[in-house]
Structures are given as structure tokens and as C-alpha cells.
Amino acid sequence: MSHFKNLLIWQKSMTLVTSIYQITRTFPKDESLGLTSQIRRCSISIPSNIAEGYSRESPKEYVRFLSISIGSLFELQTQLEIAKNIEYLTPEQFNKQYEDSREVERMLIAFINKIKERQ
């Protein structure tokens, strides 16, 4: 692999970040320092840690950064549930974002397992 941008998992997580930014634009302005900021930060952390881990010299370090991405992804899934529960997201918006996040989750887990098998 020549660059982290070639990783499908990075590309999918970047698409997820973009859609998260689009849906959070509709959140109330008084949430800009609360839930909106938190959702955006953890979504950004997913592809950022994939990219940062790619630069590491050992597979063990890379797995550590991919694990951080999963933690951020689970945080995002929780915050999407909260946004749905307080009706900042419609059920359709929630379902789309949640399913997209689950796809990235499955890809991350598979990628981690693949790297661990090679060690």
C-alpha cells in the first residue's frame, strides 16, 4: 500500500465525517459547544487515527491507533443515539449514520484482525 488515502477504510471514514458535519449543521446553535462539537470531534478522530497509525513502524503500533479509531467510533454511535433520543436527528437520519458507522466498524475490526494475523 503506497499511502493511507488508498485504504478503503480511510475513505469510508472520511465520507462518514462529511455526512456527520452535514447533519450536525441542523442541530440547535446552543449545542455548538456541546453535542455538536463532541460528535464532530470523535468522527474526525476515526480517519485521523487510521492515518496516523499508518505512519507507525510496527504493526503493534498500527493496531493501537486502529483501536483508538474504534473507541472514537463507539463514542460516535453513542452520541448519535443521544441525538436521536432528544430528537435532533430523525429516525431516518439516525439509521443512515448508524449503518454507515457500523460498516466502518466491521471494516476496522477485520483490518485489525488481518494485521494481527500477519504478526
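This is a predicted model: local features need pLDDT of at least 70, side-chain atom pairs count only at pLDDT 80 or more; totals for chains, interfaces and linings use all residues.

Me: How much space lies in the largest pocket?

Reply: Rolling a probe the size of a water molecule over the atoms shows where empty space is left. For the largest pocket, the space comes to about 280 Å³.

Me: Stepping back to the fold, what pattern does the chain follow along the sequence?

Reply: The secondary structure consists of four helices and zero strands. Reading along the sequence then gives the pattern α-α-α-α.

Me: What is the radius of gyration of the chain, and what does the globule rule give?

Reply: Along the principal axes, the C-alpha atoms fill a box of roughly 45 × 25 × 20 Å. For 119 residues the globule rule gives 14 Å, and the chain's value is close to that, so the chain is as compact as a globular protein of that length. The radius of gyration itself is 15 Å.

Me: What share of the chain's residues count as buried?

Reply: The cut-off for buried is under 20% relative accessible area. Serine 72 in helix α3 is an example that counts as buried, at 8% relative accessibility. Of the 119 residues of the chain, the buried share is 39%.

Me: How far does α3 reach from its first C-alpha to its last?

Reply: α3 has 27 residues, and at 1.5 Å a residue a reach of 39 Å is expected. The model's value is close to that expectation, at 39 Å.

Me: On to charges: how many salt bridges does a search of the whole structure find?

Reply: Side chains of opposite charge can pair when their charged atoms come close. The cut-off for a salt bridge is a nitrogen to oxygen distance within 4 Å. Searching the whole structure on that basis gives five.

Me: Lysine 12 and glutamate 103 meet in a salt bridge; how many residues apart in sequence are the parts it ties together?

Reply: The N to O distance between lysine 12 and glutamate 103 is 3.1 Å. Lysine 12 is partly exposed at 31% relative accessible area, and glutamate 103 is partly exposed at 29%. Lysine 12 lies in helix α1 (residues 8-24) and glutamate 103 in helix α4, so the parts tied together are apart in sequence by 91 residues.

Me: What separates lysine 84 and glutamate 81 in helix α3?

Reply: The side chains of lysine 84 and glutamate 81 meet in a salt bridge, 3.5 Å from N to O. Lysine 84 is partly exposed at 28% relative accessible area, and glutamate 81 is partly exposed at 30%. Being three residues apart in helix α3, the two are separated by about one helical turn.

Me: How far apart are the closest N and O atoms of aspartate 100 and lysine 96?

Reply: An α-helix has 3.6 residues a turn, so residues three or four places apart point the same way. Aspartate 100 and lysine 96 both lie in helix α4, four residues apart. Lysine 96 is partly exposed, with a relative accessible area of 47%. In the salt bridge between aspartate 100 and lysine 96, the closest N and O atoms are apart by 2.5 Å.

Key:
Residues are numbered from 1 along each chain as its sequence is written. Side-chain values use heavy atoms; hydrogens and water are left out. On a 1 Å grid over the protein atoms alone, a cavity is a set of points where a 1.4 Å probe fits but cannot get out, and a pocket is an open set with protein on both sides within 12 Å along at least five of seven lines; lining residues have an atom within 4 Å of a point. Grid points are joined across faces, edges and corners, and a volume is the space filled by probe spheres set on the points. The expected span of a helix is 1.5 Å times one less than its number of residues. Buried means under 20% relative accessible area, exposed over 50%, partly exposed in between (1.4 Å probe, protein chains only). The radius of gyration is taken over C-alpha atoms; the globule rule is 2.2 Å times the number of residues to the power 0.38.
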